[in-house]
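These are my notebook entries on one structure. I set down what I looked up, one topic at a time.

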Amino acid sequence: CPPPPRPPCPLDLCDMFPCGKEEVDQAIQSAHTAYLKWSKMAGMERARVMLEAARIIRERRDNIAKLEVINNGKSITEARVDIDVSWQTLEYYAGIAGTLAGEHIQLPGGSFAYTRREALGVCVGIGAWNYPFQIACWKSAPALACGNAMVFKPSPFTAVTAVILAEIYKEAGVPDGLFNVVQGGAETGTLLCNHPGVAKVSFTGSVPTGKKIMEMSAKTVKQVTLELGGKSPLIIFKDCELENAVRGALMANFLTQGEVCCNGTRVYVQREIMPVFLEEVVKRTKAIRIGDPLLENTRMGALITRQHLDKVLGFVSQAKKEGAMVLCGGEAFTPIEPKLKGGYYMSPCVLDNCTDDMTCVKEEIFGPVMSVMPFDTEEEVLKRANNTTFGLASGVFTRDISRAHRVAENLQAGTCFINNYNISPVEVPFGGYKQSGFGRENGQVTIEYYSQLKTVVVEMGDVDDYFNC
Ligand SMILES: NC(=O)c1ccc[n+]([C@@H]2O[C@H](COP(=O)([O-])OP(=O)(O)OC[C@H]3O[C@@H](n4cnc5c(N)ncnc54)[C@H](O)[C@@H]3O)[C@@H](O)[C@H]2O)c1
Ligand SMILES: C[N+](C)(C)CCCC=O
């Protein structure tokens, strides 16, 4: 039922109504019909359609990026990167679609077996609000390449751009219903995860919701991919190239207003370089241009909601109470432009004097707050870095090549960045260890998470007369 009418708000993009059982059933039914057709097409035929969708996204890049800014609040320069990554994802998996193949296994007497890589059926994608269009592409591109259909539910905070993607897929020639978008929050998500017609759920979001998704999916043994939260360590050794380490620390903390799952928010700096590191990092953080995210020179836009802004500011207050020192930022920010008043802006924050037991060091803040801590030895910092239930990403800055690879090997995380941070091209698998989830997105390996292997055994001789000897 549509909610009762309310006065229009100038900031609203549109009204979306949550889908109930009837709409969810329809979406899954029509996706199933489309899947029956799509999965029988040759990989090369699917690739052609996906390449056309990639072409359309590329052509409309600036418009989609602008919509994503209004959708999410991130800066236009970042949104353009997200859209570029999105069409690249479609191109990459289109390339793989035509190469999907099984194995031939020779058996005695001329018999043989072969394997077929087959689609799963209707897959559900459930997205978070920080990378709305990109998440929809990271999930749908490998799903469609393998011959599946997808019903995608974006976060209700960023409902718009997944619909644009659905329109583009349709325009590119996918069968009707192959990529359906359903709107809504937890209730709609629950209907999707409990639905017996769904073969797989790929989820991006918080750890608590991920656990619920897994529980619901268990009832009908659906396959699950979980891309969850993090509290990743970034380790900066005294032999690093300092300029790069400082830039890396900013990349690790302040993209998309700090609302990034893999952010390296626990910054461990070797004691000898702490003063010079802090001086540089604070200087650069203070210089970040906050404001209208549609302007070319803005580097930090608005957080997702008032409630989330208050939560992030609450983490800063708590950090101060627990003994951390605010070196810069951590306050609500009001841009000068009158039209931006009431926006959910805050100044990016660097916290010093942090210890491993503080709330700001243990919990995912999902905002522009960097916690900095000193360390002395490699052994010590590895132990501290791994002392978390999360395991999404990690980073190390050093000029010592042996140390870099040794640290990468010993960090318990799905990704380790050496001498950079938050670089994730589509060719490279992305996903978590520990409670940051399982399964992977991007890279060739993701094909395994959107397909199943059938073995066909072929007898070329006679069947043994085993029971009549
Ligand atoms: N690992 C990754 O790739 C990745 C990427 C982006 C965000 N994240 C994580 O996402 C979190 C922030 O996103 P969020 O606030 O949207 O997360 P969230 O868990 O609140 O919501 C994520 C999605 O799940 C839906 N949902 C909520 N309850 C549900 C339920 N009971 N059943 C089914 N669906 C339900 C929401 O409507 C939304 O679409 C952070 O923890 C962040 O680290 C992870
Ligand atoms: C593209 N990044 C920056 C690696 C973010 C991936 C998605 C996590 O929130």
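**Entry 1: the annotated glutamate.** I began with the contacts of Glu227, leaving aside its neighbours within four places in sequence: Glu227 is in contact with Phe203, Thr204, Gly431, Gly432, Gly437 and Glu441. I note that the model is a predicted one. Glu227 belongs to strand 7, which covers residues 223–227. Is Glu227 buried or exposed? I counted 29 C-beta neighbours inside 10 Å, so Glu227 counts as buried, the cut-off for that class being 20 or more. I then consulted UniProt, where an unreviewed entry places the feature "active site" at Glu227.

**Entry 2: the chain as a whole.** I looked up the secondary structure and found 14 helices and 18 strands in the protein chain. The radius of gyration is 24 Å, close to the 23 Å that the globule rule gives for 469 residues, so the chain is as compact as a globular protein of that length. The C-alpha trace spans about 85 × 60 × 40 Å along its principal axes. Of the 469 residues, 48% count as buried. I also looked at contacts with a separation of 6 or more, and residues 24 or more positions apart account for 71% of them.

**Entry 3: the domain record.** UniProt, in an unreviewed entry, lists residues 16–456 as "domain: Aldehyde dehydrogenase". Over residues 16–456 I found 41% helix and 18% strand, with the end C-alpha atoms 47 Å apart.

**Entry 4: ligand 1.** Which residues come nearest to ligand 1? Of the 29 residues around this ligand, they are Gly189, Gly205, Thr209, Gly229 and Cys261. The elements that give two or more residues to the shell are helix 7 (186–194) and helix 8 (207–218). Helix 7 gives the most, with four residues. By type, the shell divides into eleven nonpolar, 14 polar and four charged residues.

**Entry 5: ligand 2.** Around ligand 2 I listed Asn130, Tyr131, Leu255, Val260, Cys261, Cys262, Asn422 and Ser424. Five residues of this shell are nonpolar, three are polar and none is charged.

Entry 6: Most residues other than glycine have a negative phi. Asn422 lies in the loop between strand 16 (415–418) and strand 17 (437–438). It counts as buried because 21 C-beta neighbours lie inside 10 Å. Val221 has a positive phi as well, near 50°. Val221 is placed in the loop between helix 8 and strand 7. Here I found 8 other C-beta atoms within 10 Å, so Val221 is exposed.

**Entry 7: the largest nonpolar core.** In soluble globular proteins, nonpolar side chains tend to be buried together. The largest nonpolar core here has 137 residues, and among those that touch the most other members are Ile236, Leu351 and Cys360. Not counting residues up to four places away in sequence, Ile236 touches Ala245, Val267, Tyr268, Val269, Gln270, Phe277 and Phe397.

Entry 8: With 15 C-beta neighbours inside 10 Å, Gln318 counts as partly exposed. Beyond four places in sequence, Gln318 is in contact with Thr359 and Cys360. Gln318 and Thr359 are 41 residues apart in sequence, and their C-alpha atoms are 7.4 Å apart in space.

Terms used. Residues are numbered from 1 along each chain as its sequence is written. Chains are lettered from A and ligands numbered from 1 in the order in which they are written. This is a predicted model: local features need pLDDT of at least 70, side-chain atom pairs count only at pLDDT 80 or more; totals for chains, interfaces and linings use all residues. A residue is near a molecule or strand if its C-beta atom, placed from the backbone, lies within 6 Å of it. Ala, Val, Leu, Ile, Met, Phe, Trp, Tyr, Cys and Pro count as nonpolar, Asp, Glu, Lys and Arg as charged, and the others, Gly among them, as polar. The radius of gyration is taken over C-alpha atoms; the globule rule is 2.2 Å times the number of residues to the power 0.38. A residue is buried if 20 or more other C-beta atoms lie within 10 Å of its own, exposed if 12 or fewer, and partly exposed in between; C-beta atoms are placed from the backbone. Two residues are in contact if their C-beta atoms, placed from the backbone, lie within 7 Å. UniProt positions are given in the numbering used here, feature names are shortened, and annotations may be inferred rather than shown by experiment. A nonpolar core is a set of buried Ala, Val, Leu, Ile, Met, Phe, Trp, Tyr and Cys residues joined through C-beta atoms within 7 Å.
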